[in-house]
Amino acid sequence: MKHLLSSKMITGSSSGVLIIVLAIAVLLSLQLNSPAFAQPSIGEPSLTAELVLDGISSPTSIAFLDENNILLLEKEGSVRLISNGQFQPEPVLQLAGVESNNERGLLGIEVMGNNVFLYVSESGTQVEGIPTAGDVRNRVYSYTWDGTSLTNPQLLVDLPGGPGTNHQGGKLKIGPDNQLYIVVGEMQREGQLQNFQSGPPPDDTGVILRVNPADGSPSSGNPLSGEPSDPINKYYAYGIRNSFGIDFDPVTGKLWDAENGEDVFDEVNLVEPGFNSGWKTVMGPIAANTGVSESNLVNMPGSQYADPVFSWAESIGVTDIEFFNSTAFGPSYEDGIFVGDITTGTLFYFEPNGDRTGINLESDPLLSDLIADSDDETSAVTFGTGFTGITDIETSPDGNLYILAFDREAEGQGSLYRILPTSEGATSTGVPPPTTPDTVTPPVTDEGEAEAEEDAEDEANGNSDNNNDGED
Ligand SMILES: [Ca+2]
Ligand SMILES: [Ca+2]
Ligand SMILES: [Ca+2]
């Protein structure tokens with residue numbers, strides 16, 4: 001609750017006294033309610049967060065089919081359809097053999113016409129005809145949306161799923177070049193893709209892939225290699241610890257990502273072709289990693305290291321990033337950047353700089369270093385709070401912002417919100433009031449334990465060759 005409506009946020013608006021009174025009223029109402037019913041709040045008074053649906057089981061991602069129909073992923077393997085704000089009772093696809101331990105599961109979705117792409121962790125049995133020799137694999141499939149269900153699965157990409165049960169990545173995006181981008185976490189590996197110069201060769205972990213959405217083959221023009229037999233020919237970026245968010249700037253067409261750190265430094269990055277994010281030698285700005293220079297990294301031909309364009313000094317598990325390609329919030333928010341996190345359930349907002357190569361904070365006395373290293377600085381980039389934990393952010397075709405909330409304190413119980421102008425409240429939009437689903441599937445995730453497990457894993461790795469460990 002430490003980021004709740006800070007004084008800095010309040011004084012940023014014009015009618016201070018009224019807003020302070022309203023903020024106190026909001027704080028009092030939050031205190032009167034139990035945390036399970038805490039409502040998100042938005043710092044900008046002209047905007048409001050409205051509940052679309054609750055009672056969702058461990059939601060990881062959403063994608064819009066059109067302005068009235070949303071596909072939603074539940075981590076254990078269901079693809080659900082939300083039509084006109086109502087959950088359809090039966091999943092449009094129920095996957096078998098999904099491995100959903102810790103951060104594994106049905107993680108990512110993207111839509112291109114009638115093609116729907118899914119990223120899913122599958123258990124070590126033969127799935128879709130692929131013998132797996134007992135290994136958990138992360139796989140990307142293409143399905144066809146026929147209006148009522150997902151049919152005709154086609155395996156596009158077959159990826160490692162371990163040994164770590166965390167850091168699986170999983171977000172998918174189609175770029176303006178009509179290629180499919182896939183972010184894959186490092187899964188506790190320590191190879192050349194994690195910047196170990198003497199480590200094992202590239203193994204499809206800690207990367208962003210760029211592939212042909214028709215068949216999963218490497219896209220032409222990839223930055224590291226164009227050789228058909230070269231395993232790095234499908235990589236767009238590497239050195240990524242873990243990411244739950246990639247998106248394209250609608251103005252420049254460039255890719256950005258959000259990455260989460262171990263205990264220090266979450267990041268937002270501009271991902272130029274061949275980007276090396278620096279993990280596991282560097283997290284956050286390289287100057288903050290004692291005794292490390294770019295010569296300590298694995299510098300593949302065609303690659304370049306770059307510092308994040310923004311960092312949080314203390315890791316809060318940032319998740320998704322979304323460019324708001326909409327005028328629904330007025331001109332000042334058009335094509336701005338929203339980022340969420342899983343630990344505090346905070347929605348952050350950033351304005352790109354003039355040439356859209358970074359964040360417009362040059363004139364801020366505390367944030368011109370592009371690092372949020374205090375609660376006040378975190379609050380200065382906070383847009384909204386109270387979303388329990390955020391797993392996805394999407395802009396609807398009709399221009400509103402949707403936030404997918406995942407409550408780790410309540411076994412992954414999820415909610416879907418949308419943010420819209422306060423003047424267009426629920427009663428004038430035609431959106432039905434929130435309903436309680438007929439049947440609520442008991443959550444079966446163990447996210448709390450998973451987090452403890454991840455912490456234990458990260459601590460266990462403390463003696464590994466990780467230069468970040470000196471930072472705390
Ligand atoms: Ca980095
Ligand atoms: Ca700072
Ligand atoms: Ca998203």
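Trainee: Which residues touch the most other members in the largest nonpolar core?

Mentor: Ile182, Ile208, Leu209 and Ile403, in a core of 101 residues. Before we go on: this is a predicted model, where local features need pLDDT of at least 70 and side-chain atom pairs count only at pLDDT 80 or more, while totals for chains, interfaces and linings use all residues. Residues are numbered from 1 along each chain as its sequence is written, and chains are lettered from A and ligands numbered from 1 in the order in which they are written.

Trainee: What makes a set of residues a nonpolar core?

Mentor: The members are buried Ala, Val, Leu, Ile, Met, Phe, Trp, Tyr and Cys residues joined through C-beta atoms within 7 Å. In soluble globular proteins, nonpolar side chains tend to be buried together.

Trainee: What does Ile182 contact beyond its neighbours within four places in sequence?

Mentor: Tyr119, Val140, Val157, Leu172, Ile208, Leu209 and Val211. A contact means that the C-beta atoms, placed from the backbone, lie within 7 Å.

Trainee: Why is Gly206 called buried?

Mentor: Buried takes 20 or more other C-beta atoms within 10 Å of the residue's own (exposed is 12 or fewer, partly exposed is in between, and C-beta atoms are placed from the backbone). Gly206 has 32, so it counts as buried. Gly206 lies in the loop between β13 (180-184) and β14 (207-211), and its contacts include Val184, Tyr238 and Trp279.

Trainee: What about Asp204, buried or exposed?

Mentor: Asp204 has 22 other C-beta atoms within 10 Å, so it is buried. Asp204 is in the loop between β13 and β14 too, and its phi is near 70°, a positive value in a residue other than glycine.

Trainee: And what puts Ser58 in its burial class?

Mentor: A count of 25 other C-beta atoms within 10 Å, so Ser58 is buried. Ser58 isn't a glycine either, yet has a positive phi of about 45°. You'll find Ser58 in the loop between β2 and β3 (59-66).

Trainee: How many of the residues of β17 are buried?

Mentor: 5 of 5, over residues 255-259. Leu255, Asp257 and Glu259 are on one side, with Trp256 and Ala258 on the other. In a regular strand the side chains alternate between the two faces of the sheet.

Trainee: Why are β2 and β27 called edge strands?

Mentor: The open sheet has the order β2-β29-β28-β27, with antiparallel pairing. β2 (47-57) and β27 (390-395) each pair on one side only. The link from β2 to β29 (residues 413-421) has 8 bridges, with Thr48 partnered by Leu420.

Key: Contact = placed C-beta atoms within 7 Å. Helix = DSSP H or I, 4+ residues; strand = E, 2+ residues; numbered from the N terminus. Pairing = 2+ DSSP bridges.
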